[in-house]
Amino acid sequence: MNNRRHLIPLFGTFVLWGSLYIVAKVALKTIPPVTLLLMRYLVSVPALYVVLRLRKALKPLRREDLPTIAFIGFLGYFCSFCLQNMGVNRLSGSVSSLLGAMNPIFIPVLASLFLREKLTVAKIACVAVSMVGVVIIVGADGQVDPYGAALMLTSVFLWSATSIVIRRTSGRYDPMQVAMMALICALPFTGISALIELRTQPCTLTTQGLLAVLYMGLLCTAGAHSLWNLSLSLMDASFCSMFYPLQPLVSSVLGVLVLGEAISVRFVAGGAIICCGIVAAVLSGKKA
């Protein structure tokens, strides 16, 4: 951790994840939410496969692990990300990213329930602090769609639950391989849902939309996962997680520059409180 060059891939990870919400807003102008998710996965799966082959990290899938991988694909990569895209479609990119960065808040609570990890008073306080920030933002004079915020929070909760299941496969497969296999399992559900969606919502494939899909699939998925794994191999996971607040910061800046979004005082105040809760949750987890 003394080598500052190790921070480059870590910064790159959260810059890409932060830009994902802004690029998604651009793509959602012409592509419906679930259809956009399907197109992103059709780009991501081959990209992840190529990266894994280059890293020589592919392992044969054990038959007993297939139900777990399928569950991860359904709950996380289908249910959670479908809700995420629907939430992003109703919210600004900056608010979406801020709510999407709350995984370090939900995971300790779920870990205490399903992994029997100790839930301390400090962790409960972190959750309470962050939820106060959410209330401040969502109650910002009706400017934030409460339904969209509920979709985002449900998405984060489901992804946090998925992360608990993913922990059970840790050590058996490379995290990128777990992601790729789960994406493959999610494709049938996503494809069927996209076909149903297209019966009522039009889809226009513009150059801008297609470039956004390629960016999300190649850089924000395969690229960001590669940088995140590299960061975890160089530094402690708790230290890496402390950079989660960088994600909504990047989204807020890009939202202003690219989409012309306005950042209110209440957003800044609520965002600061949520970020404090995230950092405190990570620090308390590190001490434990």
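Predicted model: local features only at pLDDT ≥ 70, side-chain atom pairs only at ≥ 80, totals over all residues.
Residues are numbered from 1 along each chain as its sequence is written, and side-chain values use heavy atoms, with hydrogens and water left out.

Q: How many salt bridges does the count come to?
A: A salt bridge is a side-chain nitrogen of Lys or Arg within 4 Å of a carboxyl oxygen of Asp or Glu. By this rule, the count is four.

Q: Which parts of the chain does the pair of arginine 55 and aspartate 174 link?
A: The closest N and O atoms of this salt bridge are 2.6 Å apart. Helices are DSSP runs (H or I, at least four residues), numbered from the N terminus, and strands are runs of E of at least two. The two residues are 119 residues apart, and the pair joins helix H2 (residues 33-55) to the loop between helix H7 (146-167) and helix H8 (175-198).

Q: Is aspartate 174 buried or exposed?
A: Buried means under 20% relative accessible area, exposed over 50%, and partly exposed in between (1.4 Å probe, protein chains only). Because its relative accessibility is 13%, aspartate 174 counts as buried.

Q: Which residues are linked in a network of salt bridges?
A: Arginine 62 pairs with glutamate 64, with the closest N and O atoms 3.6 Å apart. Arginine 62 also meets aspartate 65, at 3.2 Å from N to O. The network therefore consists of Arg62, Glu64 and Asp65.

Q: Which residues does serine 44 touch, not counting residues up to four places away in sequence?
A: Serine 44 lies in helix H2 and is buried, with a relative accessible area of 0%. Contact means heavy atoms within 4.5 Å. With that cut-off, serine 44 touches Leu183, Gly217 and Thr221.

Q: Which helix gives the largest share of the nonpolar patch?
A: The surface patch covers about 620 Å² and is made by Leu249, Val253, Val256, Leu257, Val258, Ile263 and Val268. Patch residues have over 30% relative accessible area and no salt bridge; nonpolar side chains (Val, Leu, Ile, Met, Phe, Trp, Tyr) are joined within 5 Å, like charges within 9 Å. Areas come from the Shrake-Rupley method with a 1.4 Å probe. Five residues, the largest share, come from helix H11.
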